[in-house]
Amino acid sequence: MRELFSDEASSTSKDTSVLSPSNSKEKSEKLDVKSLTKEELIAYCAKRGWPRFRANQLFQWLYQKGVNKFEVMTNLPKKMREYLQEHAIINRIIPSMQQQSKDGTIKFLFQLNDREDNNKIEAVLIPDFFPDGAANRLTVCVSSQVGCVFGCQFCATGKMGFFRNLSHGEIVDQVQYINEIALEKYGKKITNIVYMGMGEPLHNYTSVTQSAAIISDPLSIELSPKRITVSTVGLTKQIKKLATEQQPFNLAISLHAAIDDKRDKIMPINNSMNLVELKKAVQYYYQAAERAITYEYLLFDEFNDSIQDADALASIVGWAPSKVNIIMYNNVAGVALNRAREDRLDLFLNRLSKHKIRATVRRSRGDDIDAGCGQLAIQEGAPRGKSIA
Ligand code: SF4
């Protein structure tokens, strides 16, 4: 259990060999340049006598243009390209399936570059439209892990168990690829990113924060950190770490039940990090980061949609300035919980408004394409990995 609750799961294949001449990986294997952060890439170039602006150009090719060959990097000197071709590789995830819903939601399945394990991940593009049909918000929901260890009862990914963390490059690849699709299809780049796909983002803290930094870099996709939201089931240590490090992204907490007994039943993490612990972390976060928190609350029929549940949720909203998103659940095969009925939703919202809480209701998107994360991967026959459930 110790590793499950450590700062992060331990299987990211990050290589910092460039900073350590004695590391044998750089000597024996070609280095994946996308395993390096921007600072590490600058150090890698400096070590070979290439100035900083060359590192920036390389970074731009990797993360803005999304190329996977050094030979197309025509503004780099020939000798630099030849060196890179001989000593380095560019690892990139491979799009393997795409499904479009009637409501415009597009779900993507990607094959990771570790074919022997057949690992696949999913990401979703969720468009919102103006009344005239033009695209308004283009939100990408990205995955941060292959599977997930936390085993939430309602979640298709939780049923897979955990296989491995994604590297920051694999996370940025999802965004970069979908951004190209958005530009092609809607003539504009993506507007928002949510880390709410497969995996628990704060269980892969380093890759997630590094990928978000790359995505907001002016030499990459250049999305404002204010438009990037990282979600968590409530990993209290990492919530505090986000605040201490002044990470500039938004925080969303997947709450889904506001009473410990109920949360215990659907989210095993609550057994070790309950609402008392979560309250401490949230209040620490707000004090240090001074940023409002968003609570995500899946409304399940006759489970967490009573007046008492609304009162408990209102009390949690009082911990620190925060917003509430009520999400109408996409039913998942094999899960006993169901989407709440509209009449119960209305009662729940009325009760919240008596507490002066305005909640946004998020209708499920992509019902017809199994847009709940993990559903495609499960259909593809993934075996079961580690789980705390
Ligand atoms: S809801 Fe999130 S944390 Fe829970 S099992 Fe699914 S992916 Fe993991």
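**Note on the predicted model: strand 11 and its surroundings**

1. Strand 11 and strand 12 (residues 293-299) run parallel and are joined by four bridges. Within this pairing, leucine 251 has isoleucine 293 of strand 12 as its bridge partner. The model is a predicted one, so confidence is taken up in a later point.

2. On the other pairing, strand 10 and strand 11 are also linked in the parallel sense, over four bridges. Here asparagine 250 of strand 11 stands opposite threonine 229. Strand 10, helix 8 (residues 236-244) and strand 11 together form a β-α-β unit, and the unit is right-handed.

3. Is strand 11 mostly covered or mostly open? Mostly covered. Five of the five residues in strand 11 (residues 250-254) are buried. Asn250, Ala252 and Ser254 point one way, Leu251 and Ile253 point the other way, and all of them are buried.

4. Leucine 242 belongs to helix 8. Leucine 242 counts as buried because it has 24 C-beta neighbours inside 10 Å, and the cut-off for burial is 20 or more. Setting aside residues up to four places away in sequence, leucine 242 touches Gln247, Leu251 and Tyr285. Leu251 in that list is a residue of strand 11. Leucine 242 and tyrosine 205 lie 37 residues apart in sequence, with their C-alpha atoms 9.0 Å apart in space.

5. Next, the ligand. Which residues are around the ligand? They are Cys148, Phe150, Gly151, Cys152, Cys155, Thr157, Gly158, Gly199, Glu200, Val233 and Ser254. By class, this shell has five nonpolar, five polar and one charged residues. Ser254 also belongs to strand 11, where Ser254 points the same way as Asn250 and Ala252.

6. Two backbone angles deserve a look. Most residues other than glycine have a negative phi. Glutamate 222 is not a glycine, yet its phi is positive, at about 55°. Glutamate 222 sits in the loop between helix 7 (205-215) and strand 10 (228-232). Why does glutamate 222 count as exposed? Because it has 11 C-beta neighbours inside 10 Å, and the cut-off for exposed is 12 or fewer.

7. Lysine 356 is the other case to check. Its phi is near 65°, a positive value in a residue other than glycine. Lysine 356 is placed in the loop between helix 12 (342-354) and strand 14 (359-362). With 8 C-beta neighbours inside 10 Å, lysine 356 therefore counts as exposed.

8. Now the confidence. The mean pLDDT of the protein is 89, and 88% of its residues reach 70 or more. Residues 1-7 stay under 50, and for them the model has eight contacts beyond four places in sequence. Residues 11-28 also have pLDDT below 50. That stretch has 29 contacts in the model beyond near neighbours in sequence.

9. Last, the overall picture. The protein has 13 helices and 14 strands. Of its 389 residues, 47% count as buried. Among contacts between residues at least 6 apart in sequence, 67% join residues at least 24 apart.

Note on methods: Residues are numbered from 1 along each chain as its sequence is written. This is a predicted model: local features need pLDDT of at least 70, side-chain atom pairs count only at pLDDT 80 or more; totals for chains, interfaces and linings use all residues. A residue is near a molecule or strand if its C-beta atom, placed from the backbone, lies within 6 Å of it. Ala, Val, Leu, Ile, Met, Phe, Trp, Tyr, Cys and Pro count as nonpolar, Asp, Glu, Lys and Arg as charged, and the others, Gly among them, as polar. pLDDT is the predictor's confidence in each residue, from 0 to 100. Two residues are in contact if their C-beta atoms, placed from the backbone, lie within 7 Å. Helices (H or I, at least four residues) and strands (E, at least two) are DSSP runs, numbered from the N terminus. Two strands pair if DSSP finds at least two bridges between them. A crossover is right-handed if, with the strands pointing away from the viewer, the path from the first strand over the helix to the second runs clockwise.
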